[in-house]
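Colleague: I'd like to go through this model term by term and hear what each label rests on. Could you put it on the screen?

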Amino acid sequence: MESRNTRIALSVWVAVVLAFLYIPILLICLYAFNRSNVESWPIPGLTTKWFSPAIHDPDMQQALWLSLKAGALSTAVALVLGSAAAFGVHRFRFFGREAVSFLLVLPIALPGIITGMALNSYFTFWKINFGLWTIVIGHATFCVVVVYNNVIARLRRVPGSLTEASMDLGADGWQTFRHVTFPTISTALISGGLLAFALSFDEVIVTTFTAGAQNTLPIWIFGQIRLGQSLPQVNVVVFLILAVTIVPVALAQRLTRESGILRTEE
Amino acid sequence: MAERLDRAQGLGGNRAGARRRLGGALWRRPRLKGASLLSPPVLAFVLVYVAALVALFVSSLWTVDSFTGLTIHSWTLDNFRELWHGAAYHTVAVRTILIAAAVTVTDAIIAFPFAYFMARLAGPRLRAVLFVLVLLPLWASYLARVYAWQLILNSDGLLNWSLGKLGLPAANLAYTNTAMWIVFSYIWLPFMILPVYAALERIPHSYIEASRDLGAKSGRTLRSVILPLALPGIVAGSIFTFSLTLGDYITPVLVGGTSSQFIGNVVYDSVNGAGNLPFGAAFAVVPVLVMGAYLLVARRLGAFEAL
Amino acid sequence: MTKRMWALVAILAVGLAFPAAGVTKSSGGTLNMIAWEGYTQAQWVKPFEKSTGCTVHAKYAGSSDEMVTLMRSGGGSQYDMVSASGDASLRLIYGKDVQAIDPTKIPDFKNFGKTFQSPPNNTVGGKHYGISLQWGPNTLLYNTKKVSPAPTSWAAIYSPKYKGKVTVPDNPIQIADAALYLMKTQPSLGIKDPYELNSTQFNATINLLKKQKPLIKKYWATAGQEISDFKNGNVVIGASWPYQTNTLVADKAPVKDLVPKEGATGWLDTWMVSSHTKNLDCAMKWLSWISTPKVQAQQAIFFGETPVNSKACAIMDKLSKGSCAQYHANAPLKYFKQIHFWKTPIADCGNGQKNCMDYTKWQSAWTALKG
């Protein structure tokens, strides 16, 4: 195993990186309690007066709701298309298999502004009104690959013999899927879906081009940053979202760990 | 036996029979099944995403009338000619690519020891905690995090305040390319840690033991066994960090200085400001070519398997 | 498959069922607006929504260019109204993006100052494409503790005294500010109008901006950014809007602004109605509402600009003592002439030679300047 010094050095490194990751986030949380509406260091005083107006701001509520809908729908689209693609690519060797992977990776590999511009003029050309569904299409492009990657990585780890055994025991395709395949990939679907949702929920660049008049939450936040008059309200919202998401993120992590079926290498 | 299984499941024999026949047909014809699985995602991508991209790049061969703002649909290389001759555009492109590369290298250096600790030293409980801690920042708005960096880097910000308390001279980082480098490295770090961690976790312990048994010191094991096996993960992470930086235009606006334009800013200004989509599309060809080359290299290094 | 996992799946499914219901909800009586920061404050939007039943959705745009693009996005059907400045309004009128309205339906129209009833930037061929709203100057803002003596001229942002502590807007129309300065300080260039520059005048202006660049800390992109920069010591002097001054003064920051002796560029904003709106009724109600003396006064004080409704002055003083005089609502004409209002630079600048630099050139010069 690694020497004692290596272990200490690595632990220190991890602590430093965590500080790097979390100092800005602690600042966000701290300034949710800022007494002044213009943010500056050091913080002039603490108050909870921003919580109520932030939570009751109808613009924020609509934006949050739209973001939740867009996130849920893009994740759903991504789960269906992403896992279908993963199964197709995993099971069947065919010419152009690599091309499919390449195609799905493109939206995340190409800059978001290009996806945004391209979809914007494409929707305009087809006279499609911008709104929830154009946002969903824009987000789904890069969410699919997240699910795809998670599922295909899982499928590679699952021995094909499991499926064959199920069929040999007389189960039909659906039963095999329901009792064997789905349980093995379910945690991959959860972690992929959660990441896809997170990406959609926080997306700004593609959304700028594919949203209509309604704001998603990140676009509302950008509006507040532009205005510069009620920034603590943004901090309150981000603070609350973090507080709420810790639970599902931690839960998903536990679920992923519990599925012992996959730990074939240990 | 199969019938009994169906009954035990409480399913109607008829429906199950039909399903079974379909399932059987698909099982016997893997190509058919493969096609039926692949065609929805591939068709959706080709009809929406790829078609939109192609249309965008076709439009880069058009121009816009400066008075009416209408697109002139005649083929010309004017946009590319202007890009080729405009020194400012070269500067912007080179700056964007260099900073994206710097961010990628920085994140790889920060992420590798962290992921190594997570994958090989941390116990299951600590590993789970670290995993959540890496993922959680993705839920704190990107914009809010960039803005928080402003509070740190401002002339009278947290950083200079702390330096002052320590009796050190102030760092003049607000609105510089250095600030962009720091903030980008910060924002995209989780996207590097996760794939590197996944790659490291997959290395069988026996490989490392074998290396040790063959007399390799830990440095040698790191270089000859662990790094090569982790490389696909690092390359996979670099696709994220590199492309996300390459295409950003918001961080340069929020934390960049007077000479900090990115390709994305020029593209955004020409599309949303000047209403000149063709010119924006022409400039957008640059990051596409860069990423295309990058992906080809990444594929050779096996990054697609590790994404 | 644990029970917990099924619960998670169920939650997801329920979550997905809701949006499907949400899509069908009709959006009748909603006004989607493109506005400058601070133009759709709850202070006057809330009472409007309450009394008319029309809902307001605002999207902030950072420049006139962005406003034009947004108004045209999706075939022009996305937005109902826009608070366009003079450098956007004509583009929108000639682009047929906005429609003519009947000003006699706006009760307060008769109380507008004569200059503002039919200004050339929103009235074409006797037709009124929207109604004037407010106007004001782009001011010189400075930190009273760090800048002394108090500046009186735009020279302050072109001199190296405050190197690295200067800020100006990130907007091609900023070229006009430099041209205005040259118009007063280098009469030999013969600049008559800062928006009508031939190539010699234009190059001289760009050269001035190039010399200014090393002095600049940040070309500010949003009002919020400039507010934060003055507050956090990144800059001490710069070109600004009164909105930033008001916000900073309310936060007790040591700042002051002025219109320097050379005069200033400025804006005259017009609320315009999209040609494609489905809510003309609500839009007309908004025009009536926004031009009432009280709302005019509220917005004037909030943003720091001058209302076009001459009856607003008395209410301004009631809301905030002395504000009518402070924002020149009582003495518009003389003050008005000091300000060179934003307009779109075009090649045909009225000298019969069509040799002026058009806005496309302004934009690419600005991009090249930032480099």
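Modeller: Let's begin with pairing: two strands count as paired when DSSP finds at least two bridges between them. Helices (H or I, at least four residues) and strands (E, at least two) are themselves DSSP runs, counted from the N terminus. This is a predicted model, where local features need pLDDT of at least 70, side-chain atom pairs count only at pLDDT 80 or more, and totals for chains, interfaces and linings use all residues. Residues are numbered from 1 along each chain as its sequence is written, and chains are lettered from A and ligands numbered from 1 in the order in which they are written.

Colleague: Which way do the residues of β3(C) point, and are they buried or exposed?

Modeller: C:M81 and C:S83 go one way and C:V82 and C:A84 the other, and all are buried. Buried means 20 or more other C-beta atoms within 10 Å of the residue's own, exposed means 12 or fewer, and partly exposed is in between, with C-beta atoms placed from the backbone.

Colleague: Why is C:M284 called partly exposed?

Modeller: C:M284 has 15 C-beta neighbours inside 10 Å, so it falls between the cut-offs. C:M284 is in helix α10 (residues 280-290) of chain C, and its C-alpha is 8.0 Å from that of C:K105, 179 residues away along the chain.

Colleague: What makes α4 (residues 86-94) of chain C a mostly covered helix?

Modeller: Seven of its nine residues are buried, including C:D87, C:R91 and C:L92. The buried residues pack against α3 (64-72), β3, β4 (123-124), β12 and β14 (339-341) of chain C. A contact here means two C-beta atoms, placed from the backbone, within 7 Å. Just past α4(C), C:K96 has a positive phi of about 55°.

Colleague: Which strands are the edges of the five-stranded open sheet, and what makes them edges?

Modeller: In chain C the order is β9-β8-β10-β7-β11, with mixed pairing. β9 (216-220) and β11 (255-258) of chain C are the edges, since each pairs on one side only. Strand-to-strand twist averages 20°, an angle between N-to-C directions on a scale from 0 to 180 degrees, using axes fitted to C-alpha atoms (for helices, over the stretch in contact). Helix α8 (residues 223-231) of chain C packs on the sheet, touching β7 (139-143), β8, β9, β10 and β11 of chain C, at about 150° to the direction of β9(C). Inside the sheet, β8 (residues 166-169) and β10 (residues 237-240) of chain C are parallel over two bridges.

Colleague: How confident is the predictor in chain C?

Modeller: pLDDT is its confidence in each residue, from 0 to 100. The mean for chain C is 87, and 91% of residues reach 70 or more. Take care with residues 12-27 of chain C, where pLDDT stays under 50. The complex gets an ipTM of 0.88 and a pTM of 0.88.

Colleague: How many residues of chain B are in contact with chain C?

Modeller: 23 residues of chain B contact 23 of chain C. On the chain B side, α5 (87-121) and α13 (263-273) give two or more residues each, and α13(B) has the largest share, four residues. By class there are six nonpolar, 15 polar and two charged residues. Nonpolar covers Ala, Val, Leu, Ile, Met, Phe, Trp, Tyr, Cys and Pro, charged covers Asp, Glu, Lys and Arg, and the others, Gly among them, are polar.
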